[in-house]
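Visitor: I have a few quick things to go through on this one. Can you walk me through it?

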Amino acid sequence: MAKNLRAKIPANDTLIIHDRNNEATTAFVREAGANGKGTEVASSPRAVAEKSEVIITTLPEPSHVKNVFHNILNPPLPPLECSSHASERLFIDCSTIDPTSSREVANAVHATAQGRFVDAPMSGGVVGARAATLMFMLGASSRSGGLVKRVTPILELMGSRVLHLGEQGTGLSGKLANNYLLAVSNIATAEAMNLGLRLGLDPQTLGKLINGSSGRCWSSEVNNPVPGISPGAPAEKDYEGGFGVELMRKDLRLAMDEAKRVGAKIDMGEKAGAVYADVEAAEKGKDFSVVYRWLGGR
């Protein structure tokens with residue numbers, strides 16, 4: 001996502017980054033020097049926010065988002081420089097967390113008049129991030145004078161579609177519903193592929209059958225768990241470089257918590273959660289499609 005931002009922002013803009021992984025930021029700046037785009041590494045999220053008009057955060061857990069924004073907002077940020085064309089800072093959080101936590105952070109930003117805050121979780125995985133084909137689910141007030149119009153072109157630098165779902169927090173509601181479905185369909189795809197292969201079907205042929213029939217889904221077409229079916233998928237690289245099984249388990253947990261909160265019946269979630277707990281214990285750090293290997297896939 002950051003590479004696509006760097007490639008597409010105006011030449012006179014500066015991209016300021018921070019990550020706990022110092023090796024990643026060092027390599028990122030080295031690449032930036034080769035193509036002449038301005039990139040700086042900040043010492044903290046607060047240092048990023050102090051220098052920036054637009055701040056994009058992507059973090060694993062609700063507690064991480066809360067802690068980062070507590071450090072960003074306290075003490076209050078200095079005003080933007082007079083030369084800035086923006087009237088106030090814009091915070092875009094692309095993390096997948098629960099809507100309640102996101103609204104708490106948004107309230108902290110707005111109550112202290114330190115900018116505008118929107119939630120914009122994304123779908124498309126690592127493949128979509130690299131190709132800038134992500135779909136962003138935007139939760140932003142439509143009453144805040146052009147906020148959606150301000151956010152959309154920024155997200156379009158990293159993705160191919162921005163869908164405004166409603167007020168702040170609704171982007172996350174949509175993301176959790178989507179990832180609940182993804183968690184279940186990923187397991188079903190792995191089980192179906194394993195079944196077909198054990199019945200003697202050729203994996204390529206079975207993949208073509210499913211992806212040309214009613215069983216087709218993202219997990220079967222783009223992120224198939226069997227090597228040799230989806231070019232570039234983590235299954236092609238020993239399940240490395242994708243969406244970690246621990247993150248899928250976290251998203252499923254958040255979705256189930258929200259379901260309980262609103263009284264939505266979800267029968268598949270408990271079993272899926274148990275599956276991902278066992279898979280994480282055996283294959284932590286691997287892409288969540290590794291459930292196929294955990295099943296004994298061949």
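Visitor: How far apart are the end C-alpha atoms of helix H8?
Guide: They are 42 Å apart. Helix H8 covers residues 170-198, and its 29 residues should span 42 Å at 1.5 Å a residue, so the two values agree. The expected span is 1.5 Å times one less than the number of residues. Helices are DSSP runs of H or I with at least four residues, strands are E runs with at least two, and both are numbered from the N terminus.

Visitor: What kind of model is this, and how are residues numbered?
Guide: This is a predicted model: local features need pLDDT of at least 70, side-chain atom pairs count only at pLDDT 80 or more, and totals for chains, interfaces and linings use all residues. Residues are numbered from 1 along each chain as its sequence is written, and side-chain values use heavy atoms, with hydrogens and water left out.

Visitor: What follows H8?
Guide: Gly200 does, with a positive phi near 100°.

Visitor: Which feature does UniProt place at residues 169-295?
Guide: The unreviewed UniProt entry lists "domain: 3-hydroxyisobutyrate dehydrogenase-like NAD-binding" there. UniProt positions are in the numbering used here, feature names are shortened, and annotations may be inferred rather than shown by experiment. In the model, that span is 63% helix and 0% strand. Its end C-alpha atoms lie 36 Å apart.

Visitor: Switching to charges. How many salt bridges are in the whole structure?
Guide: A search finds 15. A salt bridge here is a side-chain nitrogen of Lys or Arg within 4 Å of a carboxyl oxygen of Asp or Glu. One of them pairs Glu61 with Arg253, with the closest N and O atoms 3.2 Å apart.

Visitor: Where do those two sit in the chain?
Guide: Glu61 is in the loop between strand S3 (54-57) and helix H4 (62-73), and Arg253 is in helix H11. They are 192 residues apart, so the pair links distant parts of the chain.

Visitor: Is Glu61 buried, partly exposed or exposed?
Guide: Partly exposed, at 24% relative accessibility. Buried means under 20% relative accessible area, exposed over 50%, and partly exposed in between (1.4 Å probe, protein chains only). Arg253 is also partly exposed, at 37%.

Visitor: What about Lys286: which partner does it have at 3.0 Å?
Guide: Asp238, with that distance taken between the closest N and O atoms. Lys286 lies in the loop between helix H12 (268-283) and helix H13 (291-294), and Asp238 in the loop between H10 and H11, so the pair ties together parts 48 residues apart in sequence.

Visitor: Buried or exposed, Lys286?
Guide: Lys286 is buried, with a relative accessible area of 12%. Asp238 is partly exposed at 40%, and Glu240 is partly exposed at 39%.

Visitor: Cysteines next. How many disulfides does the structure hold?
Guide: It holds 0. A disulfide would be a pair of cysteine sulfur atoms within 2.5 Å. Cys94 is buried at 2% relative accessibility, while Cys217 is partly exposed at 22%.

Visitor: Last one. Where is Ala32?
Guide: Ala32 is in helix H2, residues 22-35. It counts as buried, at 1% relative accessibility. Ala32 and Ala7 are 25 residues apart in sequence and 9.0 Å apart in space, C-alpha to C-alpha.
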